[in-house]
Amino acid sequence: RVGIVGATGAVGKELLTVLDSAPWRPDTVTAFASKATRVPFVSYGEESVPVDDFDAGSAGALDLLFIATPPQFVGEIARIAGEEGVAVVDCSGVLSEDEAPLVVPWVNPDALQGDGLLDAVSIPTSGSALIASVLAPLLRSGLIGDVDATVMLPASHWGRGGVDELSGQVVALFNSGTPPRKVFESGLAFDLIPQVGTVAASGRTDIEDRLVIEVSELLGLRTPPSIDVIGVPVFSGVTASIRVRLTRQTDLALVHRILSDGGVQVAEDARSLPRPCRIEGRPFAQVGRVRIDGDRLSLLAGLDNLRGT
């Protein structure tokens, strides 16, 4: 008995698609959304599932609850589910370490091991999942020293509202109209956002600090990575330029093998590089432009942020 809070959003709809094709496909899924939603039904396979409000009464009838809402609502929903004995998967990553371990199953599966079923697990942001997925096999091979990365977030990072607004901005600018600017106040179409999140006294943003914390936790890094974040005018697909200081001399063939053995798809030619429009629908990390310059390894990585989550 599976429920999804935020079933009408971008991640919620992706979850419905994934559950429909899962080997353990639930016979029924319960869809929840905020009272403000205007979507009365969502699709689950061939079925039309009604969208309901979430409360303690509805939580009690579930075994598992996915929370795919904006971060500010996650804590209260998780509390209600916990009081009803319902296992929770937080798709936003905002639950603290004390409440739920941060998990990417192919990166830190040990976080799922314990004496019994966990009450909750938390999924990191897509940028963190991408970086950790690429670095994990290299770390296990003892190749990683210092790490720095530039993460490029798509409009879908801001949810369905971000996707709709980017589309509206493109149409408006093509027709010499006034583009909507509720989600992206300074615009995003035909531009980029050089500063994503709230700036701290250090000059870094809260989003950048969060990615540093998540990647460090997922990989158990002693030296935190340096991560910059920008917003780019694409609808979906998070990409990252990652640079690693190697701890010992190696060659490209070995790096390719380590990444491939670790579940990362390595591009074989320029046509298969991890561009946002070509990684859509693929759940795992892809890399390309892998190159070594002295003791520096550089690569381009990509992940469908919705399917990856």
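Helix H4 passes helix H6 in a right-handed crossing. In this predicted model, H4 spans residues 126-140 and H6 spans residues 206-219, and the two pack at an angle of about 35 degrees with their axes 9 Å apart.

**Helix H4 and its partners**

- Two packed helices are described by the angle between their axes and the distance between the axes.
- On the H4 side of the contact with H6 are Gly-127, Ser-128, Ile-131, Ala-132, Leu-135, Ala-136 and Leu-139, and these meet Leu-211, Glu-214, Val-215, Leu-218 and Leu-219 of H6.
- Sorted by class, the contact of H4 with H6 comprises nine nonpolar, two polar and one charged residues.
- The axes of H4 and H7 cross at roughly 115 degrees and come within 9 Å.
- In the contact of H4 with H7, Val-134, Pro-137 and Leu-138 of H4 meet Val-255, Ile-258 and Leu-259 of H7.
- That contact has six nonpolar residues, with no polar and no charged ones.

**Nonpolar cores**

- The largest nonpolar core has 50 residues, of which Val-134, Val-151, Ile-242, Leu-259, Val-287 and Leu-299 touch the most other members.
- Two or more residues of this core come from each of H4, strand E8 (144-153), H6, strand E9 (226-231), strand E10 (238-246), helix H7 (252-261), strand E12 (286-293) and strand E13 (296-303).
- Another core, of 21 residues, lies apart from the largest one, and Ile-4, Ala-7, Leu-19 and Cys-91 are among its members.
- Beyond its neighbours within four places in sequence, Leu-259 is in contact with Val-134, Pro-137, Leu-138, Val-264, Val-266, Val-287 and Leu-299.

**Buried loop residues**

- Thr-69 is located in the loop between strand E5 (64-67) and helix H3 (74-83).
- Thr-69 counts as buried because its relative accessible area, 14%, is under 20%.
- With neighbours within four places in sequence set aside, the contacts of Thr-69 are Val-5, Gly-6, Val-74, Ile-77 and Ser-92.
- Ile-279 is located in the loop between strand E11 (265-266) and E12.
- The relative accessibility of Ile-279 is 1%, so this residue is buried.
- Ile-279 is in contact with Gly-237, Val-238, Pro-274, Gln-286, Gly-302, Leu-303 and Asp-304, leaving aside its neighbours within four places in sequence.
- Ile-279 and Arg-307 are 28 residues apart along the chain, and their C-alpha atoms are separated by 9.7 Å.

**Cysteines**

- A search of the whole structure for disulfides finds zero.
- Cys-91 is buried, at 12% relative accessibility.
- Cys-277 is exposed, because its relative accessibility of 57% is over 50%.

**Backbone with positive phi**

- Most residues other than glycine have a negative phi.
- Ser-176, although not a glycine, has a positive phi of about 60 degrees.
- Ser-176 lies in the loop between helix H5 (160-174) and H6, and at 72% relative accessibility it counts as exposed.
- Arg-289, also a residue other than glycine, has a positive phi near 50 degrees.
- Arg-289 is placed in strand E12.

Methods
Residues numbered from 1 in each chain as written. Predicted model: local features only at pLDDT ≥ 70, side-chain atom pairs only at ≥ 80, totals over all residues. Heavy atoms only, no water. Axes fitted to C-alpha atoms, helices over the stretch in contact; angles between N-to-C directions. Helix = DSSP H or I, 4+ residues; strand = E, 2+ residues; numbered from the N terminus. Left-handed = near helix turned anticlockwise from the far one by under 90°. Contact = heavy atoms within 4.5 Å. Nonpolar A, V, L, I, M, F, W, Y, C, P; charged D, E, K, R; others polar. Buried < 20%, exposed > 50% of the residue type's maximum accessible area, 1.4 Å probe, protein only. Core = buried A, V, L, I, M, F, W, Y, C linked by side-chain atoms within 4.5 Å. Disulfide = S-S within 2.5 Å.
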